[in-house]
Amino acid sequence: MVIRSERLELRELQVADITPAYIGWMSDRETNRYLETRHSAQTPESVAAFVARVAAAPDEFLFGIFLPTGRHIGNIKVGPIRPVHGVADVSLLIGDAACRGQGFGTEAIRAVSAFAFDNLGVSKLSASMYLPNEGSTRAFLRAGFVREGLRVKHYDLDGERCDLVELGATREDMFKQKER
Ligand SMILES: CC(C)(COP(=O)(O)OP(=O)(O)OC[C@H]1O[C@@H](n2cnc3c(N)ncnc32)[C@H](O)[C@@H]1OP(=O)(O)O)[C@@H](O)C(=O)NCCC(=O)NCCS
């Protein structure tokens with residue numbers, strides 16, 4: 001499965017796509033500061049097991065985010081999909097630090113969301129992030145998600161309680177409004 005957007009190609013990730021750079025992102029403090037993966041060691045074996053599990057899962061879709069040059073700069077995931085409610089989570093990382101702040105995160109969120117609404121039977125997408133993760137919140141808001149709530153002191157962040165921002169989007173939120 002391949003999704004193309006203006007500057008990106010999102011390709012369903014396979015174990016063969018795993019590079020030392022990708023393994024490195026997962027252990028990089030700047031990258032994993034707000035990721036749940038920081039709680040366990042990220043090794044070539046554990047990353048391969050994760051990619052293989054999701055590739056085989058019928059209700060989860062993990063896409064590698066690639067530049068037209070073929071450079072792998074991050075990943076974005078949709079799922080698990082809950083068919084009864086037509087809802088799914090979206091999460092992402094732009095692992096290649098040189099590629100952050102260029103709108104790639106926003107572009108990937110919009111592309112994968114359109115794909116989910118059109119092809120996965122999803123009516124509503126959700127995303128959540130630690131309150132201080134301003135980059136993530138802004139990327140989702142800019143992509144067309146709206147803020148729905150705040151789970152107060154919900155997670156532990158470096159030994160302190162931390163609020164969790166809850167965002168959501170319907171197709172109408174994202175694609176039937178005027179340009180933001
Ligand atoms: C969060 C992340 C996905 C954002 O992707 P990105 O491609 O850098 O974001 P974009 O370039 O699309 O930027 C979107 C907006 O966020 C802002 N932004 C990006 N990074 C920021 C940061 N660290 N601090 C504050 N604002 C930031 C941009 O300026 C832009 O703002 P604008 O709408 O006013 O123009 C990326 O920084 C990342 O992967 N971080 C590490 C992993 C992570 O935290 N993932 C999310 C878990 S919920």
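User: How do E5 and E6 run, and how many bridges join them?
Analyst: Strand E5 (residues 87–94) and strand E6 (residues 124–130) run parallel, joined by three bridges. Strands pair if DSSP finds at least two bridges between them; strands (E, at least two residues) and helices (H or I, at least four) are DSSP runs, numbered from the N terminus.

User: What stands opposite Asp89 in E6?
Analyst: That's Ser126.

User: Before I go on, where do the numbers come from?
Analyst: This is a predicted model, where local features need pLDDT of at least 70, side-chain atom pairs count only at pLDDT 80 or more, and totals for chains, interfaces and linings use all residues. Residues are numbered from 1 along each chain as its sequence is written, and side-chain values use heavy atoms, leaving out hydrogens and water.

User: OK, what's the strand order in the sheet?
Analyst: E1-E2-E3-E4-E5-E6-E8-E7, an open sheet of eight strands with mixed pairing.

User: Which strands stand at the edges?
Analyst: E1 (2–4) and E7 (146–157); each has a single partner strand, so one side of each is left without a neighbour in the sheet.

User: Switching to cores: which residues have the most contacts inside the largest nonpolar one?
Analyst: Leu10, Ile76, Leu125 and Phe145, in a core of 36 residues. A nonpolar core here is a set of buried Ala, Val, Leu, Ile, Met, Phe, Trp, Tyr and Cys residues joined through side-chain atoms within 4.5 Å, with buried meaning under 20% relative accessible area (1.4 Å probe, protein chains only).

User: And which element gives the most to it?
Analyst: H4, with eight residues.

Notes:
Buried means under 20% relative accessible area, exposed over 50%, partly exposed in between (1.4 Å probe, protein chains only).
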